[in-house]
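Biologist: I'm new to this one. Could you walk me through how to read it?

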Amino acid sequence: MKLIFSQVKLTLGAFILRVEAELSGPVIALCGPSGSGKTSLLELIAGWRRPERGVIQLDDTTLTNTFSSIQIPLRHRRIGYVPQDLGLFSHLTVRQNMLYGQGRHGGGTLETSRTWSFEQVANVLEVESLAERRVWQLSRGEQQRVCLGRALLAGPRLLLLDEPLSNLDRDLKIKILGHLKQVREIFGIPMIHVTHDDEEAEGLGGPVLHMRSGSLDVA
Amino acid sequence: MNLEEWQITAFTAWVAALSTLGILPFGLATAWCLARGDWPGKSLVETLVAMPLVMPPVATGLILLDVMGRRGWLGGWLHDSLGFDVAFTWRAVWMALGVMSFPLLVRSARVAFEQVDPRLEKMAGTLGAGPWRVFVSITLPLAGRGILAGVLLAFARALGEFGATIMVAGNIPGKTTTLALAIFEHVQLGEDAAAERLLAVSVALAFSSVWFGQWLMRRQRFDS
């Protein structure tokens, strides 16, 4: 995976995010204090936010280019996103949540990615027994795994994880970290995960990049 | 209750239900547009939508008559070219009830849409859903109870509509007489017992609609 940010600028009130970087590798950690722009950067990649200017390119696909008015719609980006608030659909069951995006990526802007069955993903993430339950009946750790499974089943070419280990107790952190490592090994999808904790940043392997005050330090 | 009273009750409930159904697509579209983002002319649309709530109903009725009557620009054209009359028919009742209950539907649906977290809609998009699928599978179900409460409120408002109806549809027995018009007529003629019977029916219908709507809203609050 190669992700290029060129002259990217995003203003959110008094906060300005500026990124000029080239990220590559199967797993990248973005580490920085709260308010440094980590989530905004993920949302720029996912297309949830639009920069005022700049180019964002994922491999050979231009996701955003404000200079030639390119902004690939969310549904054509094939990017799996696990936000901090998870964004699970409370009116649907675990199975319905996880299958929401399966086979739905239409439009063909990006090439088809490999897809997996519900059973395969649910088995790896240990959520098979929860399939018919409503998501609000689950614990935080279970919800996190469902959200991860939902992102995987949509067949993404890149997985964005926003603080996947925050708000979890130590045992649960170890468990979720184990699941993330399994996802990395079994499904082989490139990942960018953000955290404010240095130790967590190193947990999944790969380079750790630091963000502060809206800029990304690329070593 | 005699046969005529049953007929008036059935006609009122039927035309109120039909008018609520008729305004539903426009009401939901308007509510969704008002709930999502800012756009030029939004405050003008908000004001226009609220007008039937604050204007005297007879004034709204007069506007409808000016437009839809045989001498009105639209009603005249419909009569001359299609031989189709609206004013002083059941269609005028349908239209008056729809126009008068429209603001209530839009207000409830707008609040319901505003309560749906836009991030969930973005998430659905990220998972590959197009705008229509996002609306049908995420926005609508999550706003569903609030919308249903708005539908019931609009229906209850339509059941009791008087001023606009009498202006544009008149009070033609067997054709345009609704519960509210019949109650008024019975009181005018000194037929107190009949008026009281229809009053009881009106209260029962309105109470059960509003109560059911409130119950749904409470359940939604507890669920979320």
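Biologist: How many helices and strands are there in chain A?

Modeller: Helices are DSSP runs of H or I with at least four residues, strands are E runs of at least two, and both are numbered from the N terminus. Chain A has six helices and 11 strands. Residues are numbered from 1 along each chain as its sequence is written, and chains are lettered from A in the order in which they are written. This is a predicted model, where local features need pLDDT of at least 70, side-chain atom pairs count only at pLDDT 80 or more, and totals for chains, interfaces and linings use all residues.

Biologist: What share of chain A is buried?

Modeller: A residue is buried if 20 or more other C-beta atoms, placed from the backbone, lie within 10 Å of its own. In chain A, 44% of the 219 residues are buried. Its C-alpha trace spans about 45 × 40 × 30 Å along the principal axes.

Biologist: And how many residues of chain A are in contact with chain B?

Modeller: Contact means that the C-beta atoms of two residues, placed from the backbone, lie within 7 Å. Here 17 residues of chain A are in contact with 14 of chain B. Within chain A, take contacts between residues at least 6 apart in sequence: 71% of them join residues at least 24 apart.

Biologist: At what angle do helix 6 and helix 7 of chain B pack?

Modeller: Axes are lines fitted to C-alpha atoms over the stretch in contact, and angles run from 0 to 180 degrees between N-to-C directions. Helix 6 (residues 118-126) and helix 7 (residues 131-159) of chain B pack at about 135°, with axes 10 Å apart. The contact includes B:Leu120 of helix 6 and B:Val134 of helix 7.

Technical notes: A residue is buried if 20 or more other C-beta atoms lie within 10 Å of its own, exposed if 12 or fewer, and partly exposed in between; C-beta atoms are placed from the backbone.
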